[in-house]
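Visitor: I have not seen this structure before. Please take me through it by question and answer.

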Amino acid sequence: NDTIVEGGPEFLPTALPLEAIQRDLTAAGLAAKLSDSAGSYVCNHLFYSLLYAVASEPEFSDVKAGFVHVPVANIEDNPRYPEHYAQALRLVLRRMYAR
């Protein structure tokens, strides 16, 4: 377990409405699951650094930050993958900015 920010907290929560996003995606027929890990190496480092910056900088106090991992797909096996990917991103963004 490598430290990303020296002296930073071990865990930083996202402010995204994760359960609502998952419900929206599932209701649209898109596979989605919640995880408390962005993975390892680059993904985890990027996610932690983003959350740390948002939590540490007053000018970012209104920023909603999160991490959405989109798995690699073979378009030959799933020709509608780009369409599903775009639909998923629209749903996530819509939920992020819902009032």
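Guide: A definition comes before the rest: a nonpolar surface patch is made of residues with over 30% relative accessible area and no salt bridge, whose nonpolar side chains are joined within 5 Å. The model shown is a predicted one.

Visitor: Which residues make the nonpolar surface patch of about 290 Å²?
Guide: A patch residue needs over 30% relative accessible area. Tyr85, found in helix H3 (residues 81-96), is partly exposed with a relative accessible area of 35%. The patch of about 290 Å² is made by Val68, Val70, Tyr85 and Leu89.

Visitor: Which pattern does the protein follow along the sequence?
Guide: The protein has three helices and zero strands. Read along the sequence, the pattern is therefore α-α-α.

Visitor: What share of the residues in the protein is buried?
Guide: A residue counts as buried when its relative accessible area is under 20%. The protein has 99 residues, and the buried share of them is 17%.

Visitor: What box do the C-alpha atoms fill, and what is the accessible surface of the protein?
Guide: Taken along the principal axes, the box filled by the C-alpha atoms is roughly 45 × 35 × 20 Å. Carbon and sulfur atoms hold 55% of the accessible surface, and that surface comes to about 7,700 Å².

Visitor: Which element gives the most to the largest nonpolar core?
Guide: This core has eight residues: Leu16, Ile21, Leu25, Leu30, Ala88, Leu91, Val92 and Met96. Two or more of its residues come from each of helix H1 (18-27) and H3. With four residues, the element that gives the most is H3.

Visitor: How many residues are in the second, separate core?
Guide: Among its members are Phe47, Tyr48, Val54 and Ala65. Phe47 counts as buried at 17% relative accessibility, and Tyr48 counts as buried at 10%. The number of residues in this second core is six.

Visitor: How far apart in sequence are the parts that the pair of Phe47 and Phe67 ties together?
Guide: The structure holds two aromatic pairs. Phe47 and Phe67 form a tilted one, 5.7 Å centre to centre and with 45° between the planes. Phe47 lies in helix H2 (residues 42-56) and Phe67 in the loop between H2 and H3, so the parts tied together are apart in sequence by 20 residues.

Visitor: Is the pair of Tyr48 and Tyr52 stacked or edge-to-face?
Guide: Tyr48 and Tyr52 are four residues apart in helix H2, which separates them by about one helical turn. Their ring centres are 6.1 Å apart. Planes under 30 degrees apart count as stacked; these planes are at 15°, so the pair is stacked.

Visitor: Which residues is Ala32 in contact with, leaving aside its neighbours within four places in sequence?
Guide: Ala32 is placed in the loop between H1 and H2. At a relative accessible area of 27%, Ala32 is partly exposed. Its contacts beyond those neighbours are Gln22 and Leu25.

Visitor: How far apart in space are Pro82 and Leu25, C-alpha to C-alpha?
Guide: Pro82 is found in helix H3 and counts as partly exposed at 39% relative accessibility. Pro82 and Leu25 are 57 residues apart in sequence, and their C-alpha separation is 15 Å.

Technical notes: Residues are numbered from 1 along each chain as its sequence is written. This is a predicted model: local features need pLDDT of at least 70, side-chain atom pairs count only at pLDDT 80 or more; totals for chains, interfaces and linings use all residues. Side-chain values use heavy atoms; hydrogens and water are left out. Patches are made of residues with over 30% relative accessible area and no salt bridge: like charges are joined within 9 Å, nonpolar side chains (Val, Leu, Ile, Met, Phe, Trp, Tyr) within 5 Å. Accessible areas come from the Shrake-Rupley method with a 1.4 Å probe; for residues, only the protein chains shown count as cover. A salt bridge is a side-chain nitrogen of Lys or Arg within 4 Å of a carboxyl oxygen of Asp or Glu. Buried means under 20% relative accessible area, exposed over 50%, partly exposed in between (1.4 Å probe, protein chains only). Rings of Phe, Tyr and Trp (its six-membered ring) pair if their centres lie within 6.5 Å; planes under 30 degrees apart count as stacked, over 60 as edge-to-face and the rest as tilted. A nonpolar core is a set of buried Ala, Val, Leu, Ile, Met, Phe, Trp, Tyr and Cys residues joined through side-chain atoms within 4.5 Å. Contact means heavy atoms within 4.5 Å.
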